[in-house]
Amino acid sequence: MACGNESCLKGQECVTYLACFAQLLEEWTGLENLEGYVNYVYYLLWVFTPLLIVFILPWVIVVLLYLSILFLHVYKRKNELKVAYSHNLWDGARTTVATLWDGHSKIWHGYELHGLEKIPDKGPALIVYYHGALPVDYYYFIANVIIHKGRYCHSVADHFLFKIPGFNLLLEVFSIQHGPREECVKALRNGHLLGISPGGVREALFSDEGYRIMWGNRRGFAQVAIDAKVPIIPMFTQNIREGFRSLGGLWIFRWLYEKYRSPFVPIYGGFPVKLRTYLGDPIPYDPNVTAAELAEKTKHAVQALINNHQKKPGNILRALLERFQRRQKDD
């Protein structure tokens, strides 16, 4: 092999092109141990790559949400001429987005939904669920209701969601609202399903692998059910805390949340753990039950689902292995 540069010669032998390049780079930069620096960078990448991945994966969900929004915008433009002729402009869009999320749930989490028959084919019901760090299980649930029941579920979300750029169309098409109570009652009286998590953002960020329910004294959802005279259907998803976790256990993030009431807590994960959503028996409307009593009864129903279907404390490795197991904790 001919040597193109005398500085790459060592005695009478030619070094490799890579070594020659490194030597030339050392001479150009003035660094005497460039190879050592490169090896150190490789070592840092090897150490921190897994950590970077678990913080990047939650953003995959955000990307999927924006892809859903992009599709809705495209669909809206394509069908704008049909607005005056159809009252179901968005049905096809909802079904398509639901199919996208259902596919993601099956591939990434082997998702299962138990008790879908408890969701009425017609008429209202209030679905009350435990809030994971990132409620992908609720997205999957909505997708299944659209696909298998042919209806969609209105939802109550935190105010901050309505401040995220670009989310307005998604929130509008899927009938997501931040309240108030009167609007929730109105949706139910109009015959719709309505989903709500009393724990909300606080439960999402500060609950842990012990699956603590963090509802405090919230009973507004119970008053909504009483005013609308509808049943409450409790819901819980096994391993939702192992799919995504938060750093809410660190005092600085708790302090930031309490001070600014904004979800500044980092979320990490995206692990392909087994997810199973369980719907409990409906709690029927009873005019003789107070909101406080109904809220407590609902809390016990959700807690019963957690106790029956979740091994505590949650464990990511165990949840991953459940993807390959047929047996599960008895109902």
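Biologist: What is the relative accessible area of Val60?

Modeller: The model is a predicted one, in which local features need pLDDT of at least 70 and side-chain atom pairs count only at pLDDT 80 or more, while totals for chains, interfaces and linings use all residues. Residues are numbered from 1 along each chain as its sequence is written, and side-chain values use heavy atoms, with hydrogens and water left out. Val60 belongs to helix H2 (residues 34–78), helices being DSSP runs of H or I of at least four residues, numbered from the N terminus. Because partly exposed lies between buried (under 20% relative accessible area) and exposed (over 50%), with a 1.4 Å probe and protein chains only, Val60 counts as partly exposed, its relative accessible area being 40%.

Biologist: How far apart in space are Val60 and Gly270, C-alpha to C-alpha?

Modeller: In sequence, 210 residues separate Val60 from Gly270. From C-alpha to C-alpha, however, the distance in space is 8.1 Å.

Biologist: Which residues touch the most other members of the largest nonpolar core?

Modeller: A nonpolar core is a set of buried Ala, Val, Leu, Ile, Met, Phe, Trp, Tyr and Cys residues joined through side-chain atoms within 4.5 Å, and the largest one here has 76 residues. Its largest share, eight residues, comes from helix H4 (residues 136–149). The members that touch the most others are Leu72, Leu126, Phe141 and Phe221.

Biologist: With which residues is Leu72 in contact, leaving aside its neighbours within four places in sequence?

Modeller: Contact requires heavy atoms within 4.5 Å. With neighbours within four places in sequence left aside, the partners of Leu72 are Trp90, Ala93, Val97, Leu169, Leu170, Val173 and Phe174.

Biologist: Why is H6 oblique to H8?

Modeller: Axes are lines fitted to C-alpha atoms, for helices over the stretch in contact, with angles from 0 to 180 degrees between N-to-C directions, and those of helix H6 (residues 181–189) and helix H8 (residues 220–228) come within 9 Å. Angles under 35 degrees count as roughly parallel, over 145 as roughly antiparallel, 65 to 115 as roughly perpendicular and the rest as oblique. H6 is therefore oblique to H8, since the axes cross at roughly 40 degrees.

Biologist: What is the handedness of the crossing of H3 and H4?

Modeller: The axes of helix H3 (residues 91–109) and H4 come within 8 Å and cross at roughly 125 degrees, so H3 is oblique to H4. A crossing is left-handed if the near helix is turned anticlockwise from the far one by less than a right angle, and right-handed if clockwise. For H3 and H4 the crossing is left-handed.

Methods:
Helices (H or I, at least four residues) and strands (E, at least two) are DSSP runs, numbered from the N terminus.
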